[in-house]
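The following report is meant to be read alongside the sequence and the coordinates.

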Amino acid sequence: MKEVYIVSAEQISIQQPLVDDWMSTPVSYGTSYIRSLDPSFKDFITPIEGRRMGKILKRAMATSITALKHAGIEKPDAIITGTGLGCIENTEKFLCSMCNDGENLLTPTSFMQSTHNTISSLIAIHTHNNGYNATYSHRGISFESALYDAWTQMQLDKITSALVGAHDEVTPTVYSLAEKIGVNGKICGEASVSMVLSTSDRCRQSAMCRLAGIKIMYRPSHQQINDALKKVLSDAGKRMTDIDAVVLGVNGNADNDIHYHNNRDIFENIPLIQYKHLFGDCFSASALGVYVAATCINKEVIPEHLFINNRDKKYIRPKSIIIFNQSDGKNYSIILLESLCGE
């Protein structure tokens, strides 16, 4: 199996953007709906370019440019994006304009930038990249689909590097609708995450960690999840006792968390950590879970405020972390990250 490295990873969320301050001094909130804390976009795009971009596009540009810079890669072989709702703010603007103006005098900008694949396309144009470009829109499993695409192509030697991202914005309208049908967690946030993956030995020394395995399942049984986990570990030459922590996507909503509770026995005696209590929940939140795991491995520590159970709060120098995610009780994913320290 070809080794795949996560060379760099950047985030814009409800925590401080493009930094890892959440590890030591996380931002706390007293409300359930929070929009992202944005950096100064003029550091990444010109004011003229920014005038025609919605927030999600600016965030995607900022995280992508920063991740590529830190990875030392100008043009990745592939740009692959996952997004649940795409550029929903521009979509709302266009539809509202149609209703309010009677379909007359419509400006094309909001329409052109309302499609899901606008994000990947814009990044490709900015980086002058003519390579493989794809977008996955599969609700809460969108990021995993993009990551699996990159992983598969690298295993087949079709590409050696990829910019994999997950981007979603939550407008007041989207939040209100989600609240009415009861799908929101305790905190609803936004997410823009960009990661650079590579198989190059040159990137190995500076990489955050290794992407050692990934598995996506649809409506699996408890036993199938257990078997899939064992297969991912076996392929990576690992056993359950080698896992230092499991990242769960619990968000405080009983309908969501029950699916994690029903499968907790699979991870018996392994410390469980969470991240949505800091970053909030949205369709791209699982990308933040992978980012959190990769950062913990890279910095060789798991902050105490990530542990779900008090009994698990102890110093851990993580070498192997599993990210276990589910969406709507239908789509499940298992992602294994490993440390490169000492190798």
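In strand 2 (residues 78-82), Ala78, Ile80 and Gly82 point one way while Ile79 and Thr81 point the other way, and all are buried, where buried means under 20% relative accessible area, exposed means over 50%, and partly exposed lies in between, with a 1.4 Å probe and protein chains only. In a regular strand the side chains alternate between the two faces of the sheet. Strand 2 is thus described as mostly covered, five of its five residues being buried. Helices (H or I, at least four residues) and strands (E, at least two) are DSSP runs, numbered from the N terminus.

This is a predicted model, in which local features need pLDDT of at least 70 and side-chain atom pairs count only at pLDDT 80 or more, whereas totals for chains, interfaces and linings use all residues. Residues are numbered from 1 along each chain as its sequence is written, and side-chain values use heavy atoms, with hydrogens and water left out.

Two strands count as paired if DSSP finds at least two bridges between them.

| Pair | Sense | Bridges | Residues standing opposite |
|---|---|---|---|
| Strand 2 and strand 3 (residues 132-136) | parallel | five | Gly82 and Tyr136 |
| Strand 2 and strand 4 (residues 161-168) | parallel | five | Gly82 and Ala166 |
| Strand 1 (residues 4-12) and strand 6 (residues 209-218) | antiparallel | three | Tyr5 and Arg210 |

These strands belong to an open sheet of ten strands in the order 3-2-4-5-1-6-10-9-7-8, with mixed pairing. Strand 3 and strand 8 (272-273) stand at the edges, each with a single partner strand, so one side of each is left without a neighbour in the sheet. Helix 2 (residues 55-71) packs on the sheet and touches strand 1, strand 4 and strand 5 (191-198), its direction making about 140° with that of strand 1; contact here means heavy atoms within 4.5 Å, and the axes are lines fitted to C-alpha atoms, for helices over the stretch in contact, with angles running from 0 to 180 degrees between N-to-C directions.

Which residues of helix 10 are buried? In helix 10 (residues 254-261) they are Asn256, Asp257 and Tyr260. They cover an arc of only 85° around the axis, which puts them on the same side of helix 10, the arc being that of the directions from the helix axis to the C-beta atoms. Their cover includes strand 7 (245-248) and strand 9 (320-327), while the face turned away from the buried side carries the exposed residues Ala254, Asp255 and His261. At the N-terminal end, Asn253 caps helix 10, with a side-chain oxygen 2.9 Å from the backbone nitrogen of Asp255.

Ser286 is found in helix 12 (residues 285-299) and, at 4% relative accessibility, counts as buried. Its side chain makes a polar contact with the side chain of Glu144 at 3.0 Å, a polar contact being a pair of N or O atoms within 3.5 Å, of which, within protein, one must be able to donate a hydrogen and the other to accept it, and residues adjacent in sequence count only if both atoms are side-chain atoms. Leaving aside neighbours within four places in sequence, Ser286 is in contact with Gly140, Phe143, Glu144, Tyr275 and Asn325.

With a disulfide taken as a pair of cysteine sulfur atoms within 2.5 Å, the count comes to zero. For Cys87, the nearest cysteine sulfur, that of Cys282, is 14 Å away, and Cys87 counts as buried at 0% relative accessibility. For Cys341, the nearest cysteine sulfur is that of Cys209, 12 Å away, and Cys341 is partly exposed, with a relative accessible area of 37%.
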